[in-house]
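Trainee: I have a new structure to read. Can we go through it together?

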Amino acid sequence: MILRVRSSRGTWRVSGLAAGDSVASLKARVALERGVPVVDQFLARDPAGKKTLVAYPTPSVIAALDADITLGDLGLSNGDLIYLIFPEGRDGPNPSPNPDPNPN
C-alpha cells in the first residue's frame, strides 16, 4: 500500500505499507524519511487536523494506541491522503528525501 502524506513541507508517498502495519510503524517511517520526531507527529484526514486518524483520550496513551491500531483499522487504503501536522521548526533535518547533491 502507498499512502500520500501532506505537510507544510510538501506532499510525498510512503510506500511498502500494509493494512496490518501499525500507526506507530507509519510514524517511524515518517520520522526516518522526513526527520519529524514521532512525539511531534499528529496525523489527520483533513489539513486543519479536525478529523484525526486516532482519537487520543490523553497524551499518555498515544504510544500504546499507535502500537495497537493498524492502518486497516482506520480504513486507510492504497493511495489515501493523510495530513501530517507538527510544530513549526520541528521538522528535522530531512525535509526532502532526494536533496540535490549539486545545488549550484
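**Reading the fold and its salt bridge**

Mentor: Start with the overall build. This is a predicted model. The secondary structure of the protein chain comes to 2 helices and 4 strands.

Trainee: In what pattern do they follow along the sequence?

Mentor: Take the elements as the chain runs. Read along the sequence, the pattern is β-β-α-β-α-β.

Trainee: What share of the contacts between residues at least 6 apart joins residues at least 24 apart?

Mentor: Count contacts in the protein chain between residues at least 6 apart in sequence. Then keep those that join residues at least 24 apart. The share is 63%.

Trainee: Which residue forms a salt bridge with Arg-29?

Mentor: A search of the whole structure finds 1 salt bridge. Its closest N and O atoms are 2.9 Å apart, and the cut-off is within 4 Å. Side chains of opposite charge can pair when their charged atoms come close. The partner of Arg-29 is Glu-33.

Trainee: Where do Arg-29 and Glu-33 lie?

Mentor: The two residues are 4 apart, about one turn of the helix. Both lie in helix α1, residues 23-34.

Trainee: Is Arg-29 buried, partly exposed or exposed?

Mentor: Buried means under 20% relative accessible area, and exposed means over 50%. Arg-29 has 24% relative accessibility, so Arg-29 falls in between. Glu-33, at 23%, also counts as partly exposed. The class for Arg-29 is partly exposed.

Trainee: How much of the protein chain counts as buried?

Mentor: The protein chain has 104 residues. The cut-off for buried is under 20% relative accessible area. The share of residues that count as buried is 32%.

Terms used: Residues numbered from 1 in each chain as written. Predicted model: local features only at pLDDT ≥ 70, side-chain atom pairs only at ≥ 80, totals over all residues. Heavy atoms only, no water. Salt bridge = Lys/Arg side-chain N within 4 Å of Asp/Glu carboxyl O. Buried < 20%, exposed > 50% of the residue type's maximum accessible area, 1.4 Å probe, protein only. Contact = heavy atoms within 4.5 Å.
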